[in-house]
Amino acid sequence: MKTLEDHTILYDNECPLCVNYTRAFVAAGMLEEKGRKPYNDSVGKIEGVDWDRARNEIALVNHRDHTVAYGADAVVAVLANRFPVFHLFTRVRALRWLVGKLYFFISYNRKVVAPGKVFEGINTCTPSMHYGYRWVYILLTCLVASLVLTNYTRLLVPLVPASTFGREFLVCGGQLVFQGVVVGMLNRQRWIHYLGNMMTVSLLGALLLLPALLLRDIITTPLPYTIYFLMVVAVMFLEHYRRVKILELPWVVCFTWVLYRFIVLGLIF
């Protein structure tokens, strides 16, 4: 087992993904026990680190030659020390480009996927706002949620009319506009952050509905699916409320989130 010695990775301790994968590096012996430190506790204490860049790209400090690797290069360096095949991701231009884009997509959106206890604090590892990656995330989650709901509504017939992908995508897009206008009027600086969080809630709902789709050939009556759907909506509401509080937005945002759905139901029925 090869351990990357004399290296320290500076992770975002408000990001569950960052906490878990860096912990896994230590548990697997890829890094020393002292080889990971929270960004928040390290700012200004280690020489050579670009602290602004490290908010967006996890930093791996080499204490031997005082160099620092960032982002995908840092993660690959840890993996490649144990599994040399990972060197391909830095040596092959196309792979390096692809891995870099994937890393930035995750990094710039990590706070809307799994937000910390506070929106932004002093010396916190909050990534910069990248509108391109944020809108890609919003579009992808909208596509996934629309696709799942299209298939799930077929399980609710005849209690609820079957839907189409186009209609579900339009409804999802309509809620982005509706809630975007509401939050934009209440707090213009938070609207794009809110939309990302809102779509994560929609993605959560879609993922919770997926297991029910596997039972379509076993349970053929719509009532159990309807009850389960309402349970998922309740979970979504609680998660939406939690994220609204983190963003320090007023409760009315939760009210309009529900109101939009009632408006849509009224138009459908």
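**Helix pairs, then the sheet**

I began with α7 and α9, and found that α7 passes α9 in a left-handed crossing. I note that the model is a predicted one. I looked up the classes in this contact next: 20 nonpolar, six polar and one charged residues. Helix α7 covers residues 131-153 and helix α9 covers residues 191-213. Their axes are 8 Å apart, and the packing angle is about 30°. The cut-off for roughly parallel is under 35 degrees, so I logged α7 and α9 as roughly parallel to each other.

**α8 and α11**

I then took helix α8 (residues 165-186) with helix α11 (residues 252-268). Their axes come within 10 Å and cross at roughly 145°. The crossing of α8 past α11 is right-handed. I listed the residues that make the contact. From α8 they include Leu170, Val171, Gly174, Phe178 and Val182. From α11 they include Val253, Trp257, Tyr260, Val264 and Ile268. Arg167 of α8 and Arg261 of α11 also take part. By class, I have 13 nonpolar, four polar and two charged residues for α8 with α11.

**The sheet**

What is the strand order of the open sheet? I read it as β2-β1-β3-β4, four strands with mixed pairing. The edge strands are β2 (36-38) and β4 (67-70), and each pairs on one side only. From one strand to the next the twist averages 25°.

I went through the pairings of β3. Strand β1 (residues 7-11) and strand β3 (residues 59-62) run antiparallel and are joined by four bridges. His7 has Asn62 of β3 as its bridge partner. Ile9 stands opposite Leu60 in β3. On to β4: β3 and β4 pair over four bridges, in the antiparallel sense. There, Val61 has Val68 of β4 as its bridge partner. I checked the hairpin of β3 and β4 too. Four residues lie between the strands, and His66 takes a positive phi near 60°.

Are the side chains of β3 buried or exposed? Ala59 and Val61 point one way, Leu60 and Asn62 the other way, and all are buried.

**Helices on the sheet**

I looked for what covers the strands. Helix α1 (residues 16-27) lies across β1 and β2 and runs at about 160° to β1. Helix α4 (residues 71-82) also packs on the sheet, where it touches β3 and β4. The direction of α4 makes about 105° with that of β4.

I stayed with α4. How many of its residues are buried? I count 10 of the 12, so α4 is largely enclosed by the rest of the structure. Among the buried ones are Gly71, Ala74, Val78, Leu79, Asn81 and Arg82. The buried residues of α4 pack against α1, β3, β4, α5 (88-91) and α6 (93-113).

Next came α4 against α6. Their axes come within 8 Å and cross at roughly 110°. That makes α4 roughly perpendicular to α6. Gly71, Ala72, Asp73 and Val75 of α4 meet Arg96, Val99, Gly100 and Tyr103 of α6. The classes in the contact of α4 with α6 are four nonpolar, two polar and two charged residues.

**Two single residues**

I picked Glu57, a charged residue, in the loop between α3 (51-56) and β3. The limit for buried is under 20%. Glu57 has a relative accessible area of 13%, so I noted Glu57 as buried. What does Glu57 touch, not counting residues up to four places away in sequence? I found Tyr70, Gly71, Tyr103 and Phe104. Gly71 and Tyr103 also belong to the contact of α4 with α6.

My last entry is Tyr108, in helix α6. Tyr108 counts as buried, at 13% relative accessibility. Leaving aside neighbours within four places in sequence, Tyr108 is in contact with Asn56, Pro127, Ser128, His130, Tyr133 and Arg134. I checked Pro127 against Tyr108 separately. The two are 19 residues apart in sequence, and 5.9 Å apart in space, C-alpha to C-alpha.

Technical notes
Residues numbered from 1 in each chain as written. Predicted model: local features only at pLDDT ≥ 70, side-chain atom pairs only at ≥ 80, totals over all residues. Heavy atoms only, no water. Axes fitted to C-alpha atoms, helices over the stretch in contact; angles between N-to-C directions. Helix = DSSP H or I, 4+ residues; strand = E, 2+ residues; numbered from the N terminus. Left-handed = near helix turned anticlockwise from the far one by under 90°. Contact = heavy atoms within 4.5 Å. Pairing = 2+ DSSP bridges. Buried < 20%, exposed > 50% of the residue type's maximum accessible area, 1.4 Å probe, protein only. Parallel < 35°, antiparallel > 145°, perpendicular 65-115°, else oblique.
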